[in-house]
Amino acid sequence: MKNYTGIYKATKKDGTCYYRTSITYKRKHISLGSFDTDKEAHEAYLEAHEIIDDPSLLPDSYVAKTLSFEKCVILMNFRDNQLYIKNPIYIRQKYFLYYYSPDEIYTFDIDDLFYYAHHKIMKRGNHLFVADYGMQVSVLNRYGVRSFAVEGRDYYFANGDNRDFRYANIVCINPYFGVMQIKERGIFRYLAKIHLNGNYRIGVYDTAVLAAIAYNKAVDVVKAQGVAKNFSYNYIDGMSSSDYAALYSDCTISKKLYHLPKKLISP
């Protein structure tokens, strides 16, 4: 091994050698990763210093050489904003950019910086989520958009950019389970449905809140008949228990839900 600066040799449990490298910048010791050869580790060390020394190198146009692109973004942000964050975040004046990859960049309000500094974004299909207390939590949940909501039906992006997650850009049409907005004779109303063996229509209501309460009532009705499915209830924020009880009592739901086919009832 040559006497390269900033690297040291390590050994895996199986006896295989590898090389780690790190730098110290602004009194912060920063690990740059592990590499198969001492030459690669040294090149990573040099690339890190190049990034630190040249403020013209920015995430949007940078092509990583030996370092991971994520580590490059982290170093650039630390260099320019004096804040070391372990996720690929670059801070702007009133927002920050999260670089999931060089070509996939998400925009967030600065208010969410602390959260995403400690929660790494992951992706499954088109679904973005973070691990929070051992659970997979959708990124959209922070905006009142429920899991498995459909873009264009339950929510939409005001400026048309579905990578812009600033609060002003996400419009939640429907935050409730079993409810969707429809248009009847030019007027927006709310259709409530419950999924048993297929969708059952509960009714159409003037407001999303009424439709959400009707959905809760439908859940109670079908469970009372022996349907064992684990339904989620809608929570109506800011409503007193007495007001909720009055609306629950007054709202009507489809009579079919009171007389379900025997095949839907658990033995």
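Mentor: Asp-154 and Arg-153 meet through their side chains in a salt bridge, at 2.9 Å from N to O; the term denotes a side-chain nitrogen of Lys or Arg within 4 Å of a carboxyl oxygen of Asp or Glu. The model is predicted, so local features need pLDDT of at least 70 and side-chain atom pairs count only at pLDDT 80 or more, while totals for chains, interfaces and linings use all residues. Residues are numbered from 1 along each chain as its sequence is written, and side-chain values use heavy atoms, with hydrogens and water left out.

Asp-154 has 0% relative accessibility and therefore counts as buried, whereas Arg-153 is partly exposed at 33%. Here buried means under 20% relative accessible area, exposed over 50%, and partly exposed in between, with a 1.4 Å probe and protein chains only.

Another salt bridge joins the side chains of Asp-206 and Arg-189, at 3.1 Å from N to O. Asp-206 lies in the loop between β14 (198-205) and α4 (208-224), and Arg-189 in strand β13 (residues 187-196), so the pair ties together parts 17 residues apart in sequence. Helices (H or I, at least four residues) and strands (E, at least two) are DSSP runs, numbered from the N terminus. With 53% relative accessibility, Asp-206 counts as exposed, while Arg-189 is partly exposed at 23%. Shared partners also link salt bridges into one network of Arg-146, Arg-153 and Asp-154.

Lys-120 and Glu-70 form a further salt bridge, their closest N and O atoms being 2.9 Å apart. This pair links distant parts of the chain, 50 residues apart: Lys-120 is in the loop between α3 (113-118) and β7, and Glu-70 is in helix α2 (residues 69-81). Lys-120 is partly exposed at 37% relative accessibility, as is Glu-70 at 30%. By this rule the count comes to 12 salt bridges.

Turning to the strands, β7, β8 and β9 form, in that order, an open sheet of three strands with antiparallel pairing; two strands pair if DSSP finds at least two bridges between them. The edge strands, each pairing on one side only, are β7 (122-124) and β9 (135-138). Strand β8 (residues 127-132) is joined to β9 by four bridges, and Phe-129 stands opposite Ser-138 in β9.

Strands β5 (residues 95-101) and β6 are antiparallel and share six bridges, with Tyr-99 partnered by Ile-105 in β6. The two strands form a hairpin with two residues between them. Strand β6 (residues 104-109) is mostly covered, five of its six residues being buried.
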